[in-house]
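Trainee: I have a structure open and would like to go through part of it. Can you help me read it?

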Amino acid sequence: MGKTYDFDQPIERRGTDCFKWDALPSMYGRDDLTPMWVADMDFGSPDFVLDAMRRRLDHPVLGYTMPSEGYWQAVTGWLGRHYGIQATKEQLHFIPGIVAGIAYALLALTQPGDKVLVTTPVYPPFLNLPKESGRTLVASPLKIAGGRFAIDVDDFERRVEGCKMFIMSNPHNPAGTVWGREVLAKVAEICERHNVLVISDEIHADLTLPGCSHVTFSAVSDKGITFMAPSKTFNIAGLGSSVCYIPDEDLRKRFFGWLDALGVAGGNIFAFTAAEAAFAQGDEWLRQMLDYLQGNVQALDSFLKERMPKVKAVLPEASYLAWLDFSGYGISHKELADRLINEAHVVLNDGTTFGGNAYEKCFRINLGCPRAELLDALDRIAQALECKK
């Protein structure tokens, strides 16, 4: 009988310099808020990851460190078991975080002024990185069909004309939509025909919920760059440990050569130690955690139907993030935001940060917490909205 993990156990994170909790006073002027915004979980990181880090601390020297063969075996084993990616060590590169990796790709593989395509609403750095690096941002709005986000293929193809890069969130953030093989193949075909490089951020791939199946972009094209990481999966985002996979040799030489010139392969001792333990030992922990997350998604769905039927939700097929549209309440975006903070005492991500005013009255909610905490926050949101005339 294997170990059973407890995801109902509350963990006090205040006072650990945790951005999700400890930034509340400086950002909102109060600390009596439940943060359901920053995309990390309130579950403890797995014991086998923490134990590996403790063992490493038994040695008194924390000097320059390189990734071990055990690290590479753990990474390639995970990619093979979960995604059918038969990667060699030479096709992989350590990255100190996927946002950094996307920034590196923009700087290395595009020029100032180049057009970069994204699909909105989308994770805010996808919007900010191209603009801040002097590139031209092009946005193709997603549709909502059948309660999930969908790529508007006709609009996508019109807007991709003249672009040099498409930054794709796969599965999609902010709502965990899983892009199927047919959609990805169509995206790959359009981008290849227009000579557009695809950057596939697959940080939430491991969080694909029971009943759904993640398809990596590399399964439909060998011309893109795929980023993955253990950070969301095992709640170790603070360690800055990610990996880049490029099957195409010419593209790999261009990008990896640029990365090596920057010296980013060095990582840090605990990024390697934690990732190796997570990928080598994490299958059962992940299975149990996903079952729990699925229960949270179902709890959210039931609560909305019973207590807040005016809310239109896009529920995750992967990740612990859901997209909530409060427009049915007929009040302004500003008033919605005010009620959430000052009456419900809950912090959600403002939808406008995912693509502008088109997403007013929408908010992203983080479900990666003990279920009792989730239900308590939802109850306070319902009271703040449903009891008003």
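Trainee: How many bridges join β12 to β15?

Mentor: 5 bridges join β12 to strand β15 (residues 362–366), and the two run antiparallel. Strands here are DSSP runs of E, at least two residues long, numbered from the N terminus, and two of them pair if DSSP finds at least two bridges between them. In that pairing, A322 stands opposite I365 in β15.

Trainee: Is this model experimental or predicted?

Mentor: This is a predicted model, where local features need pLDDT of at least 70, side-chain atom pairs count only at pLDDT 80 or more, and totals for chains, interfaces and linings use all residues. Residues are numbered from 1 along each chain as its sequence is written, and side-chain values use heavy atoms, with hydrogens and water left out.

Trainee: Back to β12. Is it buried or exposed?

Mentor: Buried, meaning under 20% relative accessible area with a 1.4 Å probe and protein chains only; exposed is over 50%, and partly exposed lies in between. In β12 (residues 321–325), 5 of the 5 residues are buried, so the strand is largely enclosed by the rest of the structure.

Trainee: Which way do its residues point?

Mentor: L321, W323 and D325 point one way from β12, while A322 and L324 point the other way.

Trainee: And how does β11 pair with β12?

Mentor: Strand β11 (residues 312–314) pairs with β12 in the antiparallel sense over 3 bridges. W323 is the bridge partner of V314.

Trainee: What is the strand order in the sheet?

Mentor: The open sheet of 4 strands has the order β11-β12-β15-β14, with antiparallel pairing. β11 and β14 (349–350) stand at the edges with a single partner strand each, so one side of each has no neighbour in the sheet.
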